[in-house]
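This report is meant for a reader who is meeting the structure for the first time. It turns to charged pairs and then to a group of neighbouring strands.

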Amino acid sequence: MDTTGTLFFPPAGSTLAGEVDSLFYFIFWASAVLFAIVIGLTVFFIIRYRRRRPTGTTYGRDHNLALEITWTAVPTVLILIVFVWGFRAYMRMTIVPRDALEVKVTAQKWFWTFDYPNGANSVNELVAPVDRPVKLLMSSRDVIHSLFVPDFRMKMDVLPNRYSVTWFEATRPGTFNLFCTEYCGTGHSEMLAKVKVVSEREFAEFLASTGGPGAGESPADYGRRLYTSRACNTCHTLDGKPNVGPTWQGLWGRREALQTGDFVTVDENYIRESVLEPQARVTAGFQPVMPTYQGILTDRDIDALIAFIKSPDTTNSEAAGE
Ligand code: CUA
């Protein structure tokens, strides 16, 4: 593993960094070689075939089929290699491993909050275990921010009103810079954080040592309380029976038919939309009667409800088997 860094990159700190770097250098050197060939030949031809005397010289050949096929085929192959390689790397960056630890990231002017599965949270310091995939489920309270950790070659926009997801697996302990890389106003350049990669033991100690709002509870437990305290249970059951609204049993990941005839897969963004804009996409067979919870539930509350809906309490075997 590269721990020294190069002219173009800081030291690699994640499992995906090596591939990003290799692809970058492939493109870089392919471009450099092509540049040298094109400019070299141009200069050579300018000198070799310059007009020496004002005579009406004509040249015998106006094209060369073999040459034209070569300069079409070679760049085509190079570009296809970059496409396939880049696409595969992109998919690896996009598809989160199933066993990833999920951390909720909240960006706002001008700091970062990280919420861990047991209810612990930290501000401007993401603590992560080494050699274990970590999924970041991210949203913003205000404008668009962007999370960037150069050592992990990881960068993803963080948006208001929508979740974005990225992940990493750190390959060595250490402290790495985390930047906001989308201009977000006065404090943008100071919207800095650290990623602290630690051993599993230190990570467990960290989780045990901090508590936050929803204190000491997991988001799913907090969500279960909200389910009752915010009266979600008036219309949504947990036992599979439809009520005024769809049941939450097996809701997570379900493919729902909508009134419009379209389908939607129930994920973080659909749940969030249904809480804040209930009329946007109504499930087939139900009346559009749900009130909006805009201003009643905070982002944190919505995250907790999502965690609850995802939890084994509401997930039946049928949905889990999909
Ligand atoms: Cu947040 Cu720039």
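A salt bridge, as the term is used here, is a side-chain nitrogen of Lys or Arg that lies within 4 Å of a carboxyl oxygen of Asp or Glu. The model is a predicted one, and it holds 14 salt bridges. Side chains of opposite charge can pair when their charged atoms come close.

**Charged pairs**

One of these salt bridges is formed by glutamate 268 with lysine 135, whose closest N and O atoms are 3.8 Å apart. Glutamate 268 lies in helix H5 (residues 268-276) and lysine 135 in strand S5 (residues 133-140), so the pair ties together parts that are 133 residues apart in sequence. Glutamate 268 is buried, with a relative accessible area of 9%, and lysine 135 is buried as well, with a value of 16%. Both residues also belong to a network of salt bridges that links Glu102, Lys135, Glu268 and Lys310.

Aspartate 299 counts as buried at 16% relative accessibility, and arginine 272 counts as buried at 4%.

A further salt bridge joins glutamate 273 to arginine 281. Here glutamate 273 counts as partly exposed at 21% relative accessibility, and arginine 281 is partly exposed with a relative accessible area of 33%.

| Glutamate 268 | Lysine 135 | 3.8 Å |

**Strands around S2**

Strand S2 (residues 111-115) has four of its five residues buried, so it is largely enclosed by the rest of the structure. Strand S1 (residues 101-108) runs antiparallel to S2 and is joined to it by five bridges, with threonine 106 standing opposite threonine 113 in S2. S1 and S2 form a hairpin that has two residues between them.

S2 is also joined by three bridges to strand S3 (residues 121-123), and these two strands run antiparallel. In this pairing phenylalanine 114 stands opposite serine 122 in S3. S2 and S3 form a hairpin with five residues between them, and glycine 119 in the turn has a positive phi of about 100°.

Key
Residues numbered from 1 in each chain as written. Predicted model: local features only at pLDDT ≥ 70, side-chain atom pairs only at ≥ 80, totals over all residues. Heavy atoms only, no water. Buried < 20%, exposed > 50% of the residue type's maximum accessible area, 1.4 Å probe, protein only. Pairing = 2+ DSSP bridges.
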